[in-house]
Amino acid sequence: MKNSNSIINLQNISFHYGDDYVLDDITFSIPKGAFVGLVGPNGSGKSTLIKIIFGLLKPQKGYVNIFGQKINKFHDWSKIGYVSQKANSFNSGFPASVFEVVSMGLTSKLGLFKFMKASHREAVLDALQLVGMKEYSSSNIGDLSGGQQQRVFIARALVSNPDILILDEPTVGVDANSTSDFYQLLGKLNKDNGITLLLVTHDIGTITDKVTHVACLNKSLHFHGETEEFEQFNDRELSGFYGHHVHVLNHDHGHGGV
Amino acid sequence: MIQALWKFEFLQNAFMAGVLIGVIAPLLGVFIVVRRQALIADALSHITLAGIAASLLIGKYSTFWQGINPVYMGMAFSAAGSLFIEQLRKVYKHFEELAIPITLSGGIGLGVVFLSLADGFNSDLFNYLFGSVIAISRTDLMAVAVITVVVLLVVTLLYKELFFLSFDEEHAVVSGIRGKSIQFIFILLVAFVIAVSMQIVGVLLVSALMTLPVAASIRIAKGFKQTIGFSILFGEMAVLGGLVLAYYLDIAPGGTIVLLSALILVAVLLFKRLKQRKS
């Protein structure tokens, strides 16, 4: 599925510790403008795949292209926004204001020994406005709810004006109401702002009606294609893939769930 | 006291060194505390003592060496100790906190052995353990001044990287920040600040100056910059207040400074509780 329009291209990626394969021959691409859901149970190699995309791990086989460049030649990381799992990524007692947290997103774009200017401050406020958190800019991050914190982290990822956002289990530790608002925000960013999204999650049930493409990962890639095709994907195959029965919700479509 | 300050050089040295240390110790302390590494200052201060003891030991056999300020050797040991801690953290990935007691006890053990060889169990040792304002010379003050300039420069230039790394190291590295080199520079700064600060407050009390003002500040500050601001304010209040009190009451300045920091902390906690009850 290699095409010039894809933002991230993984070609025949394999990663193993000794004989223990974590990822086996993964070929996978993210087209520009897509909203890709990368789903798989815990331990399916999702985090490893993310680390490979960011160049933190080197695959034993295969290669990664980002914006058409080999990963070791790629340096403009501000083009890729990253939102990690909220729960264990930061100390909630940390004394930082929402504004300061979002400013972190400009660190690599600014580069060493550079300071924030008025235009950067404006960019921070714009990003907060986009996620609906502008009025909280001087609050401490620890005083916000889980859902609000996650919005702030989205703003941090957006402030450098990235082409793609990679979200790693962003809704873990966020309550159901906020989760639904959160998906609405992601849909808006994708449709209205044209930001490509890669959403990594173990929760296959809730995302199928929101994403445009689905990729099912469990060491190897079991399905990769557009969401509509995925809905035809065999029930038994999916259960076998997860190891138990899985319910896929199709809110917008008439035909029944699995 | 103002008159005495004009008259005695050692008092001037003490006050100027105190003002500088009151800025840099809490400043670095903020980054240490938010990373939950508050005990690292204790480990490094004990290693510094070993360095000072080593310097005294060499001085016993070499008259040339006697002219060299033992604090320099303390700094070298402290810097080496900081690298040792980083190394130990990698070895004990799942027991990172082990690095602290290993370095701390290793440092004190080495220090005691060196001191006994150097016949150093005398009043000098007391000065290093609990600090001595009278012992601060002009060259000591120069060392503090140079370290202050370096710390302020590095923290200003690397502020956004240090902030990001302290908040979420993994994410910072994913964003393309060179975490390892910056952490290396930071821990060296901590080692130097501890070596120069311990002349005033002493080995056993230096970590208090890096953590107590921050502990108070974190309860009331909004945002990270304000946390730094309050920490330095509380640090200065403790150092200057402590030196003045020690002068008038004729008590140990190191201990007075630390007790004053503790009092400020208690006052802040009470203030916070009263404010919460009102609202």
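Let's start with one pair of residues. A:Leu167 stands opposite A:Leu199 in β8(A). A caution before going on: this is a predicted model.

Now the strands around that pair. Strand β7 of chain A covers residues 164–168, and strand β8 of chain A covers residues 196–201. They run parallel, and 5 bridges join them.

Step back to the sheet. It is open, with 6 strands in the order β6-β7-β8-β3-β9-β10 of chain A. The pairing is mixed. Which strands sit at the edges? They are β6 (80–83) and β10 (220–226) of chain A, and each pairs on one side only. On average, neighbouring strands are turned by 15° against each other, direction ignored.

A helix packs on this sheet. It is α5 of chain A, residues 146–158, touching β6 and β7 of chain A. Its direction makes about 165° with that of β6(A).

Next, chain B. Here we have two helices, α5 (residues 70–91) and α11 (residues 179–201) of chain B. Their axes come within 8 Å and cross at roughly 140°. The crossing is right-handed. On the α5(B) side, the contact residues include B:Gly74, B:Ser78 and B:Glu86. On the α11(B) side, they include B:Leu188, B:Phe192 and B:Gln199. What classes make up this contact? There are 11 nonpolar residues, 5 polar and 1 charged.

Last, the two chains together. The contact takes 19 residues from chain A and 20 from chain B. On the chain A side, the largest share comes from helix α3 (residues 107–110) of chain A, with 3 residues. By class, that side has 11 nonpolar, 7 polar and 1 charged.

Note on methods. Residues are numbered from 1 along each chain as its sequence is written. Chains are lettered from A and ligands numbered from 1 in the order in which they are written. This is a predicted model: local features need pLDDT of at least 70, side-chain atom pairs count only at pLDDT 80 or more; totals for chains, interfaces and linings use all residues. Axes are lines fitted to C-alpha atoms, for helices over the stretch in contact, and angles run from 0 to 180 degrees between N-to-C directions. Helices (H or I, at least four residues) and strands (E, at least two) are DSSP runs, numbered from the N terminus. A crossing is left-handed if the near helix is turned anticlockwise from the far one by less than a right angle, and right-handed if clockwise. Two residues are in contact if their C-beta atoms, placed from the backbone, lie within 7 Å. Ala, Val, Leu, Ile, Met, Phe, Trp, Tyr, Cys and Pro count as nonpolar, Asp, Glu, Lys and Arg as charged, and the others, Gly among them, as polar. Two strands pair if DSSP finds at least two bridges between them.
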